[in-house]
Amino acid sequence: MNKELIKKAQELRARGFTTGEIADELNISRDTARWLILKAEEKVSRKAPTDIAIDWRCLSESASRLKYVSAIMADIASKYDVEGIVGIAVSGVPIATLMATLMNKELSFSVFHPAKLRKEKDVDGTISSNFASIYNKKVIIVDDVITSGRTVKEAVKVVKEQGAKPVAVVVLIDKKNLKEVDGVPVESLIKVTRVG
């Protein structure tokens, strides 16, 4: 599996992906992405960081399977009174889009671009202005995988700064096993817990 991940990381780097984009694409932490890139270049001898690689292509490559997973996540989110959904780019966006449709409400939909995917350095993530405004709305934040928790923490912070009230974070897989982020509950379809 490590050889396969090293090869994928190397291919993504050759295509111009940043370390953050590689981490997002492979659903691994940035530390693990850095290690894979260095390992591919044989510039690292230390042991790989402790991480769990998540490959959910079986779901993401099929629109109908993604619709079913999004329906489950919409059901999880239905206990919250929401007026909007914020999808975290890139992988949270299709899930959030389907959830907005499946929740059978007029929900505004917005896209959050995390700092790890932005070209500028030392900037926070941002909400895209091409979609509905979240100002003064109760929103849920949607993503595919929580790896370190940094991206969802950043999203909660930026959503609050934009004048919205995040009522929950809903994710497909939570590798960090978070209960909440800055007072906002985290709901997941699958929680990963390390034993030992």
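How many nonpolar, polar and charged residues does the lining of the largest pocket have? Before I answer, a word on the basis of this talk. This is a predicted model, in which local features need pLDDT of at least 70 and side-chain atom pairs count only at pLDDT 80 or more, while totals for chains, interfaces and linings use all residues. Residues are numbered from 1 along each chain as its sequence is written, and side-chain values use heavy atoms, with hydrogens and water left out.

Now to the answer. The lining of the largest pocket has 10 nonpolar, three polar and eight charged residues. In this classification Ala, Val, Leu, Ile, Met, Phe, Trp, Tyr, Cys and Pro are nonpolar, Asp, Glu, Lys and Arg are charged, and the others, Gly among them, are polar.

On a 1 Å grid over the protein atoms alone, a cavity is a set of points where a 1.4 Å probe fits but cannot get out; a pocket is an open set with protein on both sides within 12 Å along at least five of seven lines; and lining residues have an atom within 4 Å of a point. Grid points are joined across faces, edges and corners, and a volume is the space filled by probe spheres set on the points.

The largest pocket has a volume of about 460 Å³. Of its 21 lining residues, Asp24, Glu25, Leu26, Asn27 and Arg57 lie nearest the centre. Two or more lining residues come from each of α1 (2-14), α2 (19-26) and α4 (57-60). Helices here are DSSP runs of H or I with at least four residues, strands are runs of E with at least two, and both are numbered from the N terminus.

The chain is divided into domain 1 (1-41) and domain 2 (58-191), with bounds from an automatic or database domain assignment. Their C-alpha centres lie 24 Å apart. The contact between them, meaning heavy atoms within 4.5 Å, takes eight residues from domain 1 and 10 residues from domain 2. Each domain gives at least three residues to the lining of the largest pocket.

Let me turn to the cavity. There is one cavity of 30 Å³ or more, and the largest cavity holds about 180 Å³ of space. Its lining counts 17 residues, with Lys116, Val145, Thr147, Ser148 and Thr151 nearest the centre. By class, these are five nonpolar, six polar and six charged residues. β4 gives the most to this lining, with four residues.

Seven strands form an open sheet in the order β3-β2-β1-β4-β5-β7-β6, with mixed pairing; two strands pair if DSSP finds at least two bridges between them. Why is one side of β3 (126-127) and of β6 (180-181) left without a neighbour in the sheet? Both stand at the edges, each with a single partner strand, so that side has no neighbour. β6 pairs with β7 (184-191) in the antiparallel sense over two bridges, and Val181 has Val184 of β7 as its bridge partner.

Finally, two backbone details. Most residues other than glycine have a negative phi, and most peptide bonds are trans. The peptide bond from Ala89 to Val90 is cis, with omega near 0°, and Val90 is found in the loop between β1 and α6 (92-102). Asn136, in the loop between β3 and β4, has a positive phi near 65°.
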